[in-house]
Amino acid sequence: MVSSIRIWKNQLFILLVYLSGFITVSLLFLGFILLLSKGFQSLSLEFLLSPMREGGISGGIFYQILGTLILAITTLFIVFPLSMGFALVKSIYIQKAFVKKTMELFLYILNGIPSVLFGIFGFFFFVKYLGWGKSWFTGGFLLAMMILPTTTLALSEGINRISSEYIENGLALGMRKTQIIFSIILPQSFSSFLSGVLLGLARAVGETAPIMFTATIFSGATIPTGVKESPILSLPYHIFNLVQESYHPQALSNAWGSSLVLIMLVILISGIALPFRLRAHEEAKV
Amino acid sequence: MGILVFVSSKAILSKPTFPFSVTGAFSLIFTLVSLLFFCGMALFLLIQGSPIFFQEQLSFITDADWFYRINQYGAASMIYGTILVSFLAIVLSLPFALGSAILTSEFLPNSIRVYVKSFIELLAGIPSVVYGLLGVLFLRPLIFKWFAPFSPESGDTLLTASVILAVMILPTVMSLSEDALRGVSKEHREVALSLGLTRLETFVHGVLPRAIPGIIAAVLLGLGRALGETIAVYLVIGRADNRLSDSLFSLKPLFEAGQTITSKLGGSELYIAYGEPTHWSAMIGLGLILFVFVGVIVAMGEAVNWLGRKYQHG
Amino acid sequence: MTNLHSSKVLSVKNISVSAGDEPIVKDVSFDLYSNEILTLMGPSGSGKSTLLRVLNRLADLESKLNVTGDVTCCGKSIFENYSIYFLRKKIGLVFQKPCIFPGSIMRNVLFGVRHHLKLDRKEADGLAEEVLKKAHLWDEVKDRLNKSASILSLGQKQRLCFARVLAADPEILLLDEPTSSLDPHSTHEIEEALLEMKQTKSIILVTHQLAQGRRVSDRIVFLSSKEGVGRLIEQGSVEDLVSCPKTKELKRYLISEV
């Protein structure tokens, strides 16, 4: 016999769960739709392709988009080799489990460090101590270090998922370590790695704190020349400044449009990652 | 015995080979670059942040007055702001995050689940500055209107910051909690249900105990992100120094402007501080405190994971 | 039939293998002569597969395994006098379970050899055709060399692995129960291929199927587990061992296998 109190409690539980879920999803969904609609109102080809005017209040966001893309590409080129090297050392070259574990702990700690600390350290070291002033390179480098844990762990896990028969067979065919790395290990963990890199990149393009002291300014920059004293404009920092002048309707509309572009960029990069994420599951078990 | 010892082939590869391969050399160099960066950052915080501690010792942490023009530095109101805002964010988001996680893992059919999960992951990728935008435009006036009885000065309050953070960490906490719940194998549910337990009882007694380590880890991760979030907090918290109420448990600060460590660090005061050694050390000292906070959270997360694994096998 | 005048290609001298304190195989000695098929036979657990892996030094890199004794190839110890990569090119190993790399059939066939030799397109195609024919697989795949290898049947995959090993042109072939999970057709094809290969190579075959041993071998080395450790019980030609087994272990094994 099932007591009515138990049934009643159960119904309440189910109700609460559905309610909280519904509220959560619908509110978030509404917020998202709001963002999209406001953003689209401000969007036009002219907006995307023209430079800003009147201190950012009007005009377009061409150089902001360019700056963000420059940062993204720099980050990509830096994080790719660095995290590949780290993952190879951690998963292949090092034998002692203790060292591997320490390296993994290092990655977890790095992953938790607030992004603003990257920015402050970068400011001290690159901008002031090295005397480079603000530079797109510094921004890219800091962003790369920030997403390094994500990308390295993605590759590392991909490597660990490769079943040892492949490596045994490679060895039995007389292949050397480097050959096994480039012919077996890297190809078969590549989807996992790429998805990690793309997801990290999607996060990096939206970051403001690491670049606001080190790489980006609000107005005055177009295309960087050289590495030192070469700041760039960027979408996140642009939005950040516009929000602080949001009483001005034109600035507001500019902010919506910029936000939409930024979000579209994030979605685009995450979207490209999707097929690789799916493939990563089948990768190691052909 | 005698069954082929299936060799750990990746261990085979770790024997050093001579001549040392080019790939190995480059991999080592790249690894060292990363390690060097991290050590550099840690040393930087330590070396540049410690002078203020030597100068003021513990009063840096307990003193709430920050007047940089007369070289008076006290981090207490910022520490208070950071802790209050972050913990409140967890408290606010947890019911919704858990509720949604339970909904999607226990009740929703697979087809809908995939869409919900994808949407949530999408939200987790939205940049914090966009949350800041939404917070300034919608949340701020809302808080100002709804909590008028408490007479806030404007919509920029600690409460606003907490709510924004709660929304920001919700996708992460929900997604990870859901992973933890789904990690519990189907049998546990099926056995409980077939013994006549209700859904609630099945969940509380069959599923939840095994998912607890994962959920705690999710909460800790959310907490870590809340502690470190700069931009969104900066935009809605009002950035007012020296707001430490006399009573730690009064609700009043929630409806006033305040300051967290991150909102202080994210401002232009950093540029001003650079030329002035004491001021600079005070700022970096704040960074050091934040670093320690986050380090503790990460360590707790690892401990929970480790305990969780022990418990599963025990 | 082993020619009494053929030369010794491989000489296994008092090999013992243990994992930490636990012995796997103790004091095994036998020789491999040129152009013969030598079968290592015995019940499971007798250490046959472990022995094979010692021979191409796949086993001695696992730090937990201790190997004592020596193996000489053409008079020189394999542990000292050969570069490990050259040794593994000279001694090929076919595993029990076929391991197909992602990619086309062509890629799989050439997978090992392209790291040893620089081949242009024509040479590569020619080599692939040659070894696929030797492995009795050419007719079944010649129209789809560029298609993925993962769709082949198990027997075809195993023959593909066989071809892959042949591509590096080893002088000695080791095969670890190559047909134990295959259909009769593929088993037959591989056995035929082995008999053909014998003309130019020397082969050690591990099998637990007595019938296969009788079909294919010139000589048999019988191993069995005594007190938990694999030991060499008897060795000799097929007829000698099968018709006049001398030890009780072998007699017991022959009865159980019939």
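**View 1. Helices H6(A) and H8(A) cross in a right-handed manner.** In this predicted model, helix H6 of chain A covers residues 136–160 and helix H8 of chain A covers residues 177–205, and their axes come within 8 Å and cross at roughly 150°. H6(A) and H8(A) are therefore roughly antiparallel to each other. On the side of H6(A), the residues that take part in the contact include A:Leu143, A:Met146, A:Ile147, A:Thr150 and A:Thr151, while those of H8(A) include A:Ile185, A:Ser189, A:Ser192, A:Phe193 and A:Gly196. Sorted by class, the residues of this contact between H6(A) and H8(A) comprise 11 nonpolar, seven polar and one charged.

**View 2. Helix H7 of chain A, residues 164–172, is largely enclosed by the rest of the structure, because seven of its nine residues are buried.** The buried residues of H7(A) are A:Tyr166, A:Ile167, A:Glu168, A:Asn169, A:Gly170, A:Leu171 and A:Ala172. Just after H7(A) comes A:Gly174, which takes a positive phi of about 85°.

**View 3. Helix H1 of chain A meets helix H9 of chain B.** The axes of H1(A), residues 4–42, and H9(B), residues 199–228, come within 7 Å and cross at roughly 75°. That angle makes H1(A) roughly perpendicular to H9(B). In the contact, A:Arg6, A:Lys9, A:Asn10, A:Phe13 and A:Ile14 of H1(A) meet B:Arg199, B:Leu200, B:Glu201 and B:Phe203 of H9(B). By class, the residues in this contact of H1(A) with H9(B) are four nonpolar, one polar and four charged. For the complex, the predictor gives an ipTM of 0.89 and a pTM of 0.87.

**View 4. Helices H4(C) and H6(C) pass each other in a right-handed crossing.** The axes of helix H4 of chain C, residues 121–134, and helix H6 of chain C, residues 154–167, come within 8 Å and cross at roughly 125°. That makes H4(C) oblique to H6(C). From H4(C), the residues C:Leu127, C:Val131, C:Leu132 and C:Lys134 meet C:Leu160, C:Ala163, C:Leu166 and C:Ala167 of H6(C). The contact of H4(C) with H6(C) divides into seven nonpolar residues, no polar residues and one charged residue. As for confidence, chain C has a mean pLDDT of 87, and 96% of its residues reach 70 or more. Where pLDDT is low, the predicted coordinates should not be read in detail.

Conventions: Residues numbered from 1 in each chain as written. Chains lettered and ligands numbered in written order. Predicted model: local features only at pLDDT ≥ 70, side-chain atom pairs only at ≥ 80, totals over all residues. Heavy atoms only, no water. Buried < 20%, exposed > 50% of the residue type's maximum accessible area, 1.4 Å probe, protein only. Helix = DSSP H or I, 4+ residues; strand = E, 2+ residues; numbered from the N terminus. pLDDT = per-residue confidence, 0-100. Axes fitted to C-alpha atoms, helices over the stretch in contact; angles between N-to-C directions. Parallel < 35°, antiparallel > 145°, perpendicular 65-115°, else oblique. Left-handed = near helix turned anticlockwise from the far one by under 90°. Contact = heavy atoms within 4.5 Å. Nonpolar A, V, L, I, M, F, W, Y, C, P; charged D, E, K, R; others polar.
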